[in-house]
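Please read the following briefing alongside the sequence and the 3D view. It is grouped by topic.

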Amino acid sequence: MEEPKTKNGSEAGESRPGNFIRAIIDEDLKAGKNDGRVVTRFPPEPNGYLHIGHAKSICLNFGLARDYRGKCHLRFDDTNPCKEEVEYEESIQNDVRWLGFDWGENFFHASDYFPQLYEYALDLIRQGKAYVCSLSAEQMRDYRGTLREPGRESPYRDRSVEENLDLFQRMKAGEFPDGTHVLRARIDMASPNLNLRDPVIYRIRHEEHHRTGDQWVIYPMYDYTHCISDALERITHSICTLEFEDHRPLYDWVLDQLDVPCHPQQIEFARLNINYTVLSKRRLIELVTGGFVSGWDDPRMPTLSGIRRRGYTPVSIRNFCEKVGVAKRDSCVDMGLLEFCIREDLEQAAPRAMGVLRPLKLVIENYPEDQVEEFEAPCHPNDPAMGTRTIPFCRELFIERDDFMEDPPKKFFRLAPGREVRLRYAYIIKCTEVIRGAHGEIVELRCVYDPETRGSAPADGRKVKGIIHWVSARHAVAAEVRLYDRLFVKEDPCADKSVDYKTHLNPHSLEVLTGCLVEPSLAKAVPENRYQFERLGYFCADRWDCKPGRLVFNRTVTLKDTWAKIDKKD
RNA sequence: UGGGGCGUCGCCAAGCGGCAAGGCACCGGAUUUUGAUUCCGGCAUACCCAGGUUCGAAUCCUGGCGCCCCAGCCA
């Protein structure tokens, strides 16, 4: 967290946006709750990679801890040995750190509490508030009732404390196969809240756990584990997403029965949605395993590792999460906001360079054959502190194919036959001839340059509106450039439940360009270096594939393109 | 005629009875050797609807309507 530590949100001068969670904390503080402590936690299940939706939660929880001078714990919710892996734990920690947050010593696992959780379960049984149920899964579903009808009590509901204790201990000892018994909380089978109809709190799973190995064959369920874990860690505000709102009565019930250190407050907020992508673990996994993307960190993925590889910066993600706000309304944020955030950051942070994606050869006929000039260009037009780089210039250049049109529309002010244009940081040139190939395609442009226009406007006062980028044919360096676009063509790929969301995958979400040419100063680019290729967009040297002698750039985002808008309108 | 939430500009989102913040997008215009950036200006007589209370309501009350979540031994 590189930002200066600030005081809490209630103090004057604080500019952070207010949200209902901060309002609750402010009130709690005013009322003297929790001895003035603020302790939050980010509790991922290690069964997938983090995505931008998690970033919202991370920024919220760690941000609260920062602003209220509290703590935010990182706790892995690893209660289901069937789905969880260490690979995920590692990636999650990397991603949280990359985002810019630090949990310090406060690193935990729900599995750390298995022994205590077990003791608490015994306690519940002794109080007659939990029982071993031997109904099958199907039977239990049947007994649970429906949304409108109350459930029926299990025939095992009134087993004696002794029998329950005995059975539960034997469950733990591994005497029974999976699915034969569960431990259930004894609450109310007629509750309109299904979560309270004697929820399962322990199940048998003869499965190796990635941390506890084969030490346990019974594993606690989320509802039972999460609240107790929070209490043991003395969490003050347990922030989760809306779908857990119905679970809050159970969260509170469990803590009310037990002798725990404190009773944290669960607060729910709306999860993040972004259009033209999907943010559900299940679907992201499917995209990866189905080979629809190259992996979890494919630059098109909304995963933090994907976004990172695409070229997004941590600060841009944090700003995005800040701008998105925190509320309880289901919402879907425009992808355009994310793009705004990365442009906003890179505009000031990324050094400029010239690169030609689709090269078109251009020969300056009145420029001496052997002459080479070197131009000193600023690395940033508005920030001299970023220094300069030198750009070689000679008779033969490459320009962007899109910057030439034989028969241009009115508002096109780039190169065309007989027209003048400025070569950025160099001379004004005029196109005199178009050379064609065997099939009539344009293969080369012949031009003349005005030697008097280097670094200055023409003396005769004529106006040249267009400025285009270029590279020297003799000095340019080859590069591969990967152009990324939105992953889906539909705003909400999952809106129509009768159609597989994958049918809305954007077939043009990746375009690989291999014949690109970039200015020689880029030869030294190392993985994750970010640049603005002038007039084109922001590009990031690929984290894995960019190596000395083989440049690979990913397009993070284009520059705002007013011309494209005008062109589309006409 | 199950329960729990939510409805303020195209998209987010403040607002908590005193007369609709802000951001994105969008539309003008200025500067500009990136059609970028920056800069100025515009952008809800209106807060799901209908009644009611009040001098005064997005904010309170009543009744509708709409959307989301819940019937895993997932989290």
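RNA strand B has 66 residues around it, and Arg205, Arg329, Arg352, Phe413 and Arg424 come nearest; a residue is near a strand if one of its heavy atoms lies within 4 Å of it. This is a predicted model, in which local features need pLDDT of at least 70 and side-chain atom pairs count only at pLDDT 80 or more, while totals for chains, interfaces and linings use all residues. Residues are numbered from 1 along each chain as its sequence is written, chains are lettered from A and ligands numbered from 1 in the order in which they are written, and side-chain values use heavy atoms, with hydrogens and water left out.

**The surface near RNA strand B**

- Sugar or phosphate accounts for 66% of the atoms of RNA strand B within 4 Å of the protein, and bases account for the rest.
- The residues of this surface divide into 28 charged, 26 nonpolar and 12 polar. Here Asp, Glu, Lys and Arg count as charged, Ala, Val, Leu, Ile, Met, Phe, Trp, Tyr, Cys and Pro as nonpolar, and the others, Gly among them, as polar.
- At least two residues of the surface come from each of helix 5 (137-143), strand 6 (200-204), helix 11 (314-324), helix 12 (335-349) and helix 13 (562-569). Helices (H or I, at least four residues) and strands (E, at least two) are DSSP runs, numbered from the N terminus.
- Helix 13 gives the largest share, 4 residues.

**Side chains at the phosphates**

- An N or O atom in the side chain of Arg205 is 2.4 Å from a phosphate oxygen of RNA strand B.

**Chain A as a whole**

- Chain A has 13 helices and 25 strands.
- The radius of gyration of chain A is 31 Å, well over the 25 Å that the globule rule gives for 570 residues, so the chain is more spread out than a compact globule. This radius is taken over C-alpha atoms, and the globule rule is 2.2 Å times the number of residues to the power 0.38.
- The C-alpha trace spans about 100 × 55 × 45 Å along its principal axes.
- Of the 570 residues, 53% count as buried. Buried means under 20% relative accessible area, exposed over 50%, and partly exposed in between (1.4 Å probe, protein chains only).
- Among contacts (heavy atoms within 4.5 Å) between residues at least 6 apart in sequence, 70% join residues at least 24 apart.

**Helix 11**

- Pro314, Ser316, Ile317, Arg318, Phe320 and Cys321 are buried in helix 11.
- The cover over these buried residues includes helix 2 (52-67), helix 3 (86-99), helix 10 (304-310) and helix 12.
- Gly325 follows helix 11 and has a positive phi, near 80 degrees.

**Two loop residues**

- Arg157 lies in the loop between helix 5 and helix 6 (161-173), and is buried, with a relative accessible area of 7%.
- Leaving aside neighbours within four places in sequence, Arg157 is in contact with Tyr131, Arg186, Ile187, Asp188, Met189 and Asp198.
- Glu365 sits in the loop between strand 12 (359-364) and strand 13 (373-378), and is partly exposed, with a relative accessible area of 35%.
- With neighbours within four places in sequence left aside, Glu365 is in contact with Arg395, Thr432, Arg446 and Cys447.

Notes
Polar contact = N/O pair within 3.5 Å; in protein donor to acceptor, adjacent residues only side chain to side chain.
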